[in-house]
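Dear colleague,

Here is the structure I said I would pass on. My notes follow below it.

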Amino acid sequence: MLNCKEVSHLATDHLEGQCSLPTRLKIRLHLLICRHCRRFRAHLLLSRRTAARLAHELWTEQPQTVAKIQQALKNNK
Ligand SMILES: [Zn+2]
């Protein structure tokens, strides 16, 4: 059985579907019994969704801001 530290290290790969089937099953088993890791996973999901939503809003609603960011990144190279 995986411990909490191992599950937290695998969390991003798990959310992105990059874990093997045996690893996914071990993670799911751990999540069944560990509320701390369930909470960690929920926060990770929320953070990812929030970042994606903000990036989408920035990209679609404020293209001039995106252009400024892209120009600033080019100038810093
Ligand atoms: Zn845990």
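**The annotated span and the helices**

UniProt, in an unreviewed entry, places the feature "domain: Putative zinc-finger" at residues 4-38. Please keep in mind that the model is a predicted one.

Two helices pack against each other: H1 (residues 4-15) and H2 (residues 21-33). Two packed helices are described by the angle between their axes and the distance between the axes. For H1 and H2 the angle is about 120° and the axes are 11 Å apart. Angles of 65 to 115 degrees would count as roughly perpendicular and those over 145 as roughly antiparallel, so H1 and H2 are oblique to each other. The crossing of H1 past H2 is left-handed. On the H1 side the contacts come from Val-7, Leu-10 and His-14, which meet Thr-23, Arg-24, Ile-27 and His-30 of H2.

Helix H4 covers residues 63-75. Its 13 residues should span 18 Å at 1.5 Å a residue, and the distance between the end C-alpha atoms of H4, 18 Å, agrees with that. H4 is hardly covered, with a count of 0 buried residues.

Asn-76 sits in the segment after H4. Is Asn-76 buried or exposed? A residue with 12 or fewer neighbours counts as exposed; Asn-76 has 6 C-beta neighbours inside 10 Å and therefore counts as exposed. The C-alpha atoms of Asn-76 and Arg-28 are separated by 43 Å, the two residues being 48 apart along the chain.

Regards

Note on methods:
Residues are numbered from 1 along each chain as its sequence is written. This is a predicted model: local features need pLDDT of at least 70, side-chain atom pairs count only at pLDDT 80 or more; totals for chains, interfaces and linings use all residues. UniProt positions are given in the numbering used here, feature names are shortened, and annotations may be inferred rather than shown by experiment. Helices (H or I, at least four residues) and strands (E, at least two) are DSSP runs, numbered from the N terminus. A residue is buried if 20 or more other C-beta atoms lie within 10 Å of its own, exposed if 12 or fewer, and partly exposed in between; C-beta atoms are placed from the backbone. The expected span of a helix is 1.5 Å times one less than its number of residues. Axes are lines fitted to C-alpha atoms, for helices over the stretch in contact, and angles run from 0 to 180 degrees between N-to-C directions. Angles under 35 degrees count as roughly parallel, over 145 as roughly antiparallel, 65 to 115 as roughly perpendicular and the rest as oblique. A crossing is left-handed if the near helix is turned anticlockwise from the far one by less than a right angle, and right-handed if clockwise. Two residues are in contact if their C-beta atoms, placed from the backbone, lie within 7 Å.
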